[in-house]
Amino acid sequence: MVWRRNRRPSKDGNEGHLDEEETGRNEMPKEQSSRVKQSFKMPNPWTAIRIIFWKDTALVLWMVGSPYAIWYCVQASTPPIYKDVYGFNDFQVGLAYLPGGFGTVIGGYANGKLMDWNYKVTARHIGHTVDKVFGDDLNHFPIEKARARGSWYMLGVYLCALGDYGWAINFHAHMSIPLILQFVLAALCTAFQQTFNALLVDIFPASPSTAAATGNITRCALSAVAVAILQPMVDGMGRGWYFTLLSLVSGVGGIITNWLITTRGMTWRHPRLQINIIN
């Protein structure tokens, strides 16, 4: 704020009081305000939706949304499973969510460290020096390989844990077994979401918020479908075969998707960036 001080002489010729006039105001000129109002545009939802149809981003979005939908199915099925199979009351059913919560926290923290390590290892393998000040130029960096590195092993554990979860409940195994598997699934689902959400933003550097919105649309849509068919399919094929089917769709599909991201992702990303429709 800028102030101008004017001294007004008094009638007797002596120095008068200070007259302070505010000259720097926070108000925006009318012309500039009208230009700002005219330049505002409503966001176009199609911009977020059309990201889905790029080959490289469709694969990443599957890895973002599929584990999220699976974890939603596990959570949605928890109350009937522990009430009907193990005879839990409402309070005990609430406690049954704790292993998943711990898995989410621990999986997110551990995977953050793993992502940093994978990036450094990938950079070292190609002789690249990581720029910690200004960041790296990802146009010439295999960020897909850096992010997906090590996902093979996690996908294998994820596939087995999800199938075992269904059969453990189907055969009324000790309650500790499905609870432990819930912890494992929560940690792995969180790791996949964290890793491939980061990759989704990496491959859309000029529009990260749009890419993040697309990720939210995809995972919510897949979760809605998965939960909608949960009870009819459990009634028709049983919990064991239902979770086995989910493990094949999400786990085996994830292995194939991860392979395509690693081998084809960078090749498909460059033509998209050159078109410069979204970026």
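**Group meeting: helix packing and the nonpolar core**

Helix H9, residues 208-228, packs against helix H10, residues 230-275, at an angle of about 85°, and their axes are 9 Å apart. That makes H9 roughly perpendicular to H10. The residues that meet are Ala226, Val227 and Ala228 from H9, and Leu230, Pro232 and Tyr242 from H10. By class, this contact has 6 nonpolar residues, no polar ones and no charged ones. Bear in mind that this is a predicted model.

Now the overall layout. The protein has 10 helices and 2 strands. Along the sequence the pattern is β-β-α-α-α-α-α-α-α-α-α-α. Of its 279 residues, 39% count as buried. Take the contacts between residues at least 6 apart in sequence: 75% of them join residues at least 24 apart.

Back to H9. It has 21 residues, which at 1.5 Å a residue should span 30 Å, and its end C-alpha atoms are 30 Å apart, so the two agree. Which residues of H9 are buried? They are Thr210, Ala211, Thr214, Gly215, Thr218, Ser223 and Ala226. Ala226 is also one of the residues that meet H10.

Next, H5, residues 98-125. With 28 residues at 1.5 Å each, H5 should span 40 Å; its end C-alpha atoms are 40 Å apart, which agrees. The buried residues here are Pro99, Gly100, Gly103, Gly107, Gly108, Asn111, Met115, Asn118, Tyr119, Val121, Thr122 and Ala123. What covers them? The cover includes H3, helix H4 (90-95), H6, H7 and H8. After H5 comes Gly127, with a positive phi near 70°.

In soluble globular proteins, nonpolar side chains tend to be buried together. In this model the largest nonpolar core has 53 residues, and Tyr82, Tyr158, Tyr165 and Phe196 touch the most other members. The elements giving two or more residues to this core are H3 (55-84), H5, H6 (143-148), H7 (151-170), H8 (176-202), H9 and H10. Which of them gives the most? That is H3, with 12 residues.

Phe196 is worth a look in the viewer. Leaving aside neighbours within four places in sequence, Phe196 is in contact with Val60, Met63, Val64, Ala148, Ser151, Asn258 and Ile261.

Notes:
Residues are numbered from 1 along each chain as its sequence is written. This is a predicted model: local features need pLDDT of at least 70, side-chain atom pairs count only at pLDDT 80 or more; totals for chains, interfaces and linings use all residues. Side-chain values use heavy atoms; hydrogens and water are left out. Axes are lines fitted to C-alpha atoms, for helices over the stretch in contact, and angles run from 0 to 180 degrees between N-to-C directions. Helices (H or I, at least four residues) and strands (E, at least two) are DSSP runs, numbered from the N terminus. Angles under 35 degrees count as roughly parallel, over 145 as roughly antiparallel, 65 to 115 as roughly perpendicular and the rest as oblique. Contact means heavy atoms within 4.5 Å. Ala, Val, Leu, Ile, Met, Phe, Trp, Tyr, Cys and Pro count as nonpolar, Asp, Glu, Lys and Arg as charged, and the others, Gly among them, as polar. A nonpolar core is a set of buried Ala, Val, Leu, Ile, Met, Phe, Trp, Tyr and Cys residues joined through side-chain atoms within 4.5 Å. Buried means under 20% relative accessible area, exposed over 50%, partly exposed in between (1.4 Å probe, protein chains only). The expected span of a helix is 1.5 Å times one less than its number of residues.
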